[in-house]
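Subject: Handover of a protein model

Dear colleague,

The findings follow directly after it.

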Amino acid sequence: MVLLLWTTSPFAATLLLIRTADEQSPSIQALERVAQSYGIHILDRTATPGGSLLIPSGQNIRGIVVTAKTYGSERWFAYERKIRGSEQLRRLPLLVFDIARESTSTHVSDRWPSVNILTDRRSPQCVYHVDRDAEISKELGGLEFSCSGETSEPIHYFNDLTKHRVEIIVEIAQDSRRYPIFFKASLAGRDMYFLARVPTTLARDTEIAQLIWTNFAGYAPVAMFIRRVSGEYGWHANGYYANFTVDDPWLREPYGNLSYHSILSKMDKYGFHTTIAFVPWNFDRNDPSVVRLFKENPTRLSLSVHGNNHDHEEFSEERTIDIDAKNVRQGLARMEQLKKSTGLDYDRVMVFPQRIASEQVIGLLRRYGFACTANLQNRRHESTSAPPEHIWGDFVALEQGVPSVKRELANAPKEYLAILLFLQRPLLLHAHQDYFARHDFGTVAAAINQLHPGIRWVGLGSLCDRLYLTNLEDNGTYRVLLFGGKTTLENSGGERRVFVVEKVDPLNIGFRDVRVDGKEIPITKTPTGIQFKVAIEAHSSAIIVTKFSDQQDEVAPEDTSKTDLRIRVLRYASDFRDLVVTGTDLGRRFNDAYYSGMRGRYSQIDALLLFVPLVLIGSLVIAIVVIVRLRKQRRMHERD
Ligand SMILES: [Zn+2]
């Protein structure tokens, strides 16, 4: 069990939380959880009857959070005087949260509108509607998120907001009525945010994106506030990146329902990029016209590695680590052959066939210099008991030193993708050739471009070169959490910056060296890994390469020949499935039913089921050819 924990730095930005003595609530815990994800420290101050509010000096306080109980009490006036009198505090954004009907006392009735309860009126059609124009809603603006799946606790909402000059940020929409739960008001030059009491689930092991997705009201408004106040001081990514990967095709036109020519015209129109997760076994059968397409469009098309033979036990628990190692080496040797024969380069990113491999196999990727591995899951939950501690949550796992990043299905709900973008996670979407029979990825790309205009679509390799989070410490340095082995670190600011870069070494393997733009630099060992400084001029970038001490620069050569008959049969059966069966609607339905029913029992039966029709059709074709020939011969005999 490896425990990865990036502790909050002593220079982290701070959120001032004011609550009454012993006050605990799910909302406070949700706030703490979100603050932790952004790397924001909470300075907890208990409201006392005397109204003292001791703030230690030197704190970089970015915002103030007050519970409704405190805000609604008489003692609040004393605090408010103190806050107004402080140069540091008086203009900071302030959030009052957990506002329930019972928290309204006489003296606050002029401070916020009356609050009602929506318990019995919640219908299954209930959605949270996020205002498109609210500044803090960011990528969530204009979207609707389901209320279903939440606990049946009452939702409180604000009544008659129309009488006030406020900006409504989130409201519940049902039965063609809207019930505001989160709004902003500008009072005396300060942005004030008010959040009603909403159902809040506490799930220690659930990561932040899942919490927002399943309990929108409990986490999204708080996340919006914390993202807004922390700015550069909270964990953030430098830029937004997306990638679309299609698994399995080889370079022929078309590959089943995937036409390279047609997807290229869509990519030109919508600006996206497609990576082919290429099965190395296919290295020696390439259509020159498709190869040309890749060469002419390197910003649109790229190749990554998809297993080696893609047989069904490949990289599964059934295989020994020696077989796995041979498969990684042979896969690379075949990709090198492909590169030699076609001139096409590829990214050393592994997309495992079927499902992610064991930790041990991911360790092989580290040794053989893979940039990362991208799959539907990573092994974060198995390897760490620590709760996810930054905004990328379970998007990236690093237990073997190699980043293991999480992909999503191409038809994932737009609202879910918006949450991932709100958390500034790179979007990795994937599909198989049968997707193109019914869907147009152009519309998905257009929706993503709309969610975050300016998002950059890149190949899997380039995306893995950008895996880092950064924040500004209040001592003026930029801290970087580096995930990848090779990283392009950007300074998007208008002046020279010094970055303090941290890279974890969970297995304590050690590093051979760290190079910045090719030059070796000094490193310092830390309890969790290493740390080093990189200075970058304004609007420039640097390429950082960190090599683990067990990384091999040269991978031992492997025989690339295809001598195994079983694998050949399986690959041809896959061709038959992708190029023939799923070409028809009936075939696709058979394929869908088969895969949904058989998932988890993936076995040779697969090959058999697909191979039997192949043999039958093949035999039929041969029989027809033989009969036609025999008839022809007989006719010629008769003429003779
Ligand atoms: Zn595959």
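K138 belongs to the loop that runs between β6 (127-130) and β7 (144-146). Its phi is positive, about 45°, although K138 is not a glycine. With a relative accessible area of 46%, K138 is partly exposed. Please bear in mind throughout that this is a predicted model.

A positive phi also occurs at D98, again a residue other than glycine, where the value is near 70°. D98 is part of strand β4, which covers residues 94-99. Its relative accessible area is 9%, and as the limit for a buried residue is under 20%, D98 is buried.

One further backbone feature deserves mention. The peptide bond that joins E253 and P254 is cis, with omega at about -10°. P254 is situated in the loop between β13 and α6.

Which residues are the protein donors of the zinc ion? They are D248, through OD, and H306 and H310, each through NE2, and they lie 2.1 Å from the ion. Along the sequence, the spacing of the donor residues reads D-x57-H-x3-H. D248 is located in the loop between β13 (241-247) and α6 (260-270), and H310 in the loop between β15 (301-305) and α8 (321-342), so the pair ties together parts of the chain that are 62 residues apart in sequence. Both D248 and H310 are buried.

Turning to open space, the second largest pocket holds about 520 Å³. Its lining consists of 26 residues, and those nearest the centre are G369, F370, A371, K486 and Q551. Three elements, α9 (359-367), α14 (460-464) and β31 (540-548), each give two or more residues to this lining. Which of the elements gives the most to the lining of the second largest pocket? It is β31, with four residues.

- A220 lies in helix α5, residues 216-230, and counts as buried at 0% relative accessibility. Apart from neighbours within four places in sequence, A220 is in contact with L140 and I212.
- A68 is found in helix α2, residues 68-71, and is buried, at 1% relative accessibility. A68 and R197 are 129 residues apart along the chain, and their C-alpha atoms are separated by 9.1 Å.
- D394 is placed in the loop between α10 (380-383) and β18 (396-397), and at 8% relative accessibility it counts as buried. D394 and E207 are 187 residues apart along the chain, while 6.5 Å separates their C-alpha atoms.
- A535 sits in strand β30, residues 529-536. A535 is partly exposed, with a relative accessible area of 40%. From A535 to R497 the distance is 5.7 Å, C-alpha to C-alpha, and the two are 38 residues apart in sequence. Leaving aside neighbours within four places in sequence, the contacts of A535 are with R496, R497 and V498.

Finally, some totals for the protein chain. How many helices and strands does the secondary structure come to? The count is 17 helices and 31 strands. The protein chain has 640 residues, of which 56% count as buried. Among contacts between residues at least 6 apart in sequence, 73% join residues at least 24 apart. The accessible surface amounts to about 27,800 Å², and 52% of that area belongs to carbon and sulfur atoms.

With kind regards

How values were computed:
Residues numbered from 1 in each chain as written. Predicted model: local features only at pLDDT ≥ 70, side-chain atom pairs only at ≥ 80, totals over all residues. Heavy atoms only, no water. Donors = N, O, S within 2.8 Å, 3.2 Å for Na, K, Ca; no water. Buried < 20%, exposed > 50% of the residue type's maximum accessible area, 1.4 Å probe, protein only. 1 Å grid on protein atoms, 1.4 Å probe; cavity = no way out; pocket = protein on both sides within 12 Å on 5 of 7 lines; lining within 4 Å. Points joined across faces, edges and corners; volume = space filled by probe spheres on them. Contact = heavy atoms within 4.5 Å. Areas by Shrake-Rupley, 256 points an atom, 1.4 Å probe, with all protein chains shown as cover.
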